[in-house]
Amino acid sequence: MQQLLQQAQKMQQDLAKAQEELARTLVDGTAGGGLVKATVTGAGELQNLVIDPKAVDPEDTETLADLVVAAVRDANETAQKMQQQKLGPLAQGLGGGGIPGLPF
């Protein structure tokens, strides 16, 4: 029983370490052929947004807004894939899925 508890504790430590690594990892997403670039952490937190001046048309702010949303969505999709790769095996080791706040 003691060995099982030690294994569970190690898995929890490994999971916490992986979550910390994800929080420090930056992931980029782009839209409009690179006119808009969003950078999020591996945990999905928006860190930076770069808009090429060519994307700015005062007569058409809707397109710019769409590009921003698409770039952020692209970055977040990449971050979610990274979360699944890094945390998925650990979550399964802790009883499989169902960890609150994680997408698997």
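A residue is called buried when its relative accessible area is under 20%, exposed when it is over 50%, and partly exposed in between (1.4 Å probe, protein chains only). The structure described here is a predicted model, in which local features need pLDDT of at least 70, side-chain atom pairs count only at pLDDT 80 or more, and totals for chains, interfaces and linings use all residues. Residues are numbered from 1 along each chain as its sequence is written, and side-chain values use heavy atoms, with hydrogens and water left out.

The structure holds 3 salt bridges, a salt bridge being a side-chain nitrogen of Lys or Arg within 4 Å of a carboxyl oxygen of Asp or Glu. In general, side chains of opposite charge can pair when their charged atoms come close. Another joins the side chains of D14 and K10 at 2.9 Å, N to O. Both of these residues lie in helix α1, 4 residues apart, which is about one turn of the helix; helices (H or I, at least four residues) and strands (E, at least two) are DSSP runs, numbered from the N terminus. A further salt bridge is formed by E21 and K86, whose closest N and O atoms are 3.0 Å apart. This pair links distant parts of the chain, since E21 belongs to helix α1 and K86 to helix α2, 65 residues apart. E21 has a relative accessible area of 25% and is therefore partly exposed.

The largest nonpolar core consists of 12 residues, among them V27, A38, A55 and L64. Such a core is a set of buried Ala, Val, Leu, Ile, Met, Phe, Trp, Tyr and Cys residues joined through side-chain atoms within 4.5 Å. At least two core residues come from each of β1, β2 and α2 (61-93), and α2 provides the largest share, 6 residues. Apart from neighbours within four places in sequence, A38 is in contact (heavy atoms within 4.5 Å) with residues including V27, L46, A71 and A75.

L35 is located in the loop between β1 (26-31) and β2 (36-41). With a relative accessibility of 26%, L35 counts as partly exposed. The C-alpha atoms of L35 and A55 are separated by 6.0 Å, although the two residues are 20 residues apart along the chain. Beyond neighbours within four places in sequence, the contacts of L35 include V50, I51 and A55.
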